Amino acid sequence: MTLARKVTAPAWGEFVIVDVVTGQVVGSGSLARKRGPWEVSFQLRWQCCGNGFALEAVQLIRDWFFRHTNEDLLIATTQQANATCRRLLVRAGAVLAGTFEQYQVVQERYEFQRPCVRVI
């Protein structure tokens, strides 16, 4: 899988998710300030779910974000009922930071922290 900047709308923080085997666009990802800190989000075509695209995309977007900004925090939110997304975020390195209610549904906030670099 590869991650590429959107060509049709080259705004900062907008990406397309491309299957490198087929060359097809399988989804999109973005970085935006929705709730204060920068937030990563992604969408996949339903027929592409379950192939590891989402995990790899979140990891690539996270890494891109920390490489291109001085920010120390990146968040992601998902509905508490979405166990698949919650597991994905943990596998991608996020830590559950709390819950809140939005749209009459309990949401969970996950946080990615800038990796610490040890100098030896």
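Here is a short walk through some side-chain pairings in this structure. The model is predicted, so local features need pLDDT of at least 70 and side-chain atom pairs count only at pLDDT 80 or more, while totals for chains, interfaces and linings use all residues. Residues are numbered from 1 along each chain as its sequence is written, and side-chain values use heavy atoms, with hydrogens and water left out.

Let's start with the salt bridges. The structure holds five of them, each being a side-chain nitrogen of Lys or Arg within 4 Å of a carboxyl oxygen of Asp or Glu. In one, Glu71 meets Arg33 at 3.4 Å, N to O. Glu71 sits in the loop between α1 (53–68) and β5 (73–79) and Arg33 in strand β3 (residues 25–33), so the pair ties together parts 38 residues apart in sequence. Helices (H or I, at least four residues) and strands (E, at least two) are DSSP runs, numbered from the N terminus.

Arg86 belongs to helix α2 (residues 83–91) and Glu108 to strand β7, 22 residues apart. Arg86 is partly exposed at 26% relative accessible area, whereas Glu108 is buried at 5%; buried means under 20%, exposed over 50%, and partly exposed in between (1.4 Å probe, protein chains only).

Also in strand β7 (residues 105–113) is Glu111. Leaving aside neighbours within four places in sequence, Glu111 is in contact (heavy atoms within 4.5 Å) with residues including Leu73, Ile75 and Val95.
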